[in-house]
Amino acid sequence: MKRRGETYRQWCDPILHHQIHEETLDTGACLEVQARLSRTGATQLFIGVYRADGSMMSEQAFFQCPGETMSRAMVWGVGYARRVATEGKGFDVEEVGGWG
């Protein structure tokens with residue numbers, strides 16, 4: 001079971017339309033990436049990386065992904081989550097071509 005952090009609690013809004021990608025790596029790390037449209041039509045992204053024991057390694061929320069569709073944001077987020085899980089730490093978003 002994932003132990004969610006404050007970032008997820010601030011992100012969570014089950015009313016909004018969203019897509020979810022969940023993946024468990026060979027190491028046992030669990031990735032959860034969610035893309036959604038805000039009430040104003042902005043693409044938003046949540047990236048959660050959790051250790052095999054369910055503890056949080058990293059959670060990030062992007063409330064504006066300018067010019068991105070939900071699908072493209074999801075693809076970027078999955079790649080970013082895999083890097084975080086593999087490297088064991090977060091990255092500067094600009095360093096990996098994301099939104100700041």
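Predicted model: local features only at pLDDT ≥ 70, side-chain atom pairs only at ≥ 80, totals over all residues.
Reader: How many salt bridges does a search of the whole structure find?

Author: The general idea is that side chains of opposite charge can pair when their charged atoms come close. Here a search of the whole structure finds 7 salt bridges. One of the groups is a network of salt bridges that links Lys-2, Arg-4, Glu-22 and Glu-32.

Reader: Which parts of the chain do Glu-23 and Arg-82 tie together?

Author: Glu-23 and Arg-82 meet through their side chains in a salt bridge of 2.9 Å, N to O. Because Glu-23 lies in strand β1 and Arg-82 in helix α2 (residues 70-87), the pair ties together parts that are 59 residues apart in sequence; helices (H or I, at least four residues) and strands (E, at least two) are DSSP runs, numbered from the N terminus. Asp-13 likewise forms a salt bridge with Arg-39, where the closest N and O atoms are 2.8 Å apart. That pair links distant parts of the chain, with Asp-13 in the loop between α1 (6-11) and β1 (18-24) and Arg-39 in the loop between β2 (30-37) and β3 (43-50), 26 residues apart.

Reader: Are Glu-23 and Arg-39 buried or exposed?

Author: Buried means under 20% relative accessible area, exposed over 50%, and partly exposed in between (1.4 Å probe, protein chains only). Glu-23 counts as buried because its relative accessibility is 19%, and Arg-82 counts as partly exposed because its value is 38%. Arg-39, at 62% relative accessibility, counts as exposed, and Glu-68, at 22%, counts as partly exposed. For the protein chain of 100 residues, 46% count as buried.

Reader: How many helices and strands does the protein chain have, and what pattern does the protein chain follow along the sequence?

Author: The protein chain has 2 helices and 4 strands, and read along the sequence the pattern is α-β-β-β-β-α.

Reader: Which residues of α2 are buried, and what do the buried residues of α2 pack against?

Author: In general, an α-helix has 3.6 residues a turn, so residues three or four places apart point the same way. In α2 the buried residues are Met-70, Ala-73, Met-74, Trp-76, Gly-77, Val-78, Tyr-80, Ala-81, Val-84 and Ala-85. These buried residues of α2 pack against β1, β2, β3 and β4 (56-62), where contact means heavy atoms within 4.5 Å. Gly-88, whose phi is positive, near 80°, follows α2.

Reader: How many aromatic pairs does the structure hold?

Author: A pair of aromatic rings is described by the distance of the centres and the angle of the planes. The structure holds 5 aromatic pairs, where rings of Phe, Tyr and Trp (its six-membered ring) pair if their centres lie within 6.5 Å, and planes under 30 degrees apart count as stacked, over 60 as edge-to-face and the rest as tilted. Trp-11 and Phe-63 form a tilted pair, 6.0 Å centre to centre with 45° between the planes. This pair links distant parts of the chain, Trp-11 in helix α1 and Phe-63 in the loop between β4 and α2, 52 residues apart. Trp-11 counts as buried at 1% relative accessibility, whereas Phe-63 is partly exposed, with a relative accessible area of 38%. Trp-76 and Tyr-80 form a stacked pair, 5.2 Å centre to centre and 20° between the planes; both lie in helix α2, 4 residues apart, about one turn of the helix.

Methods
Residues numbered from 1 in each chain as written. Heavy atoms only, no water. Salt bridge = Lys/Arg side-chain N within 4 Å of Asp/Glu carboxyl O.
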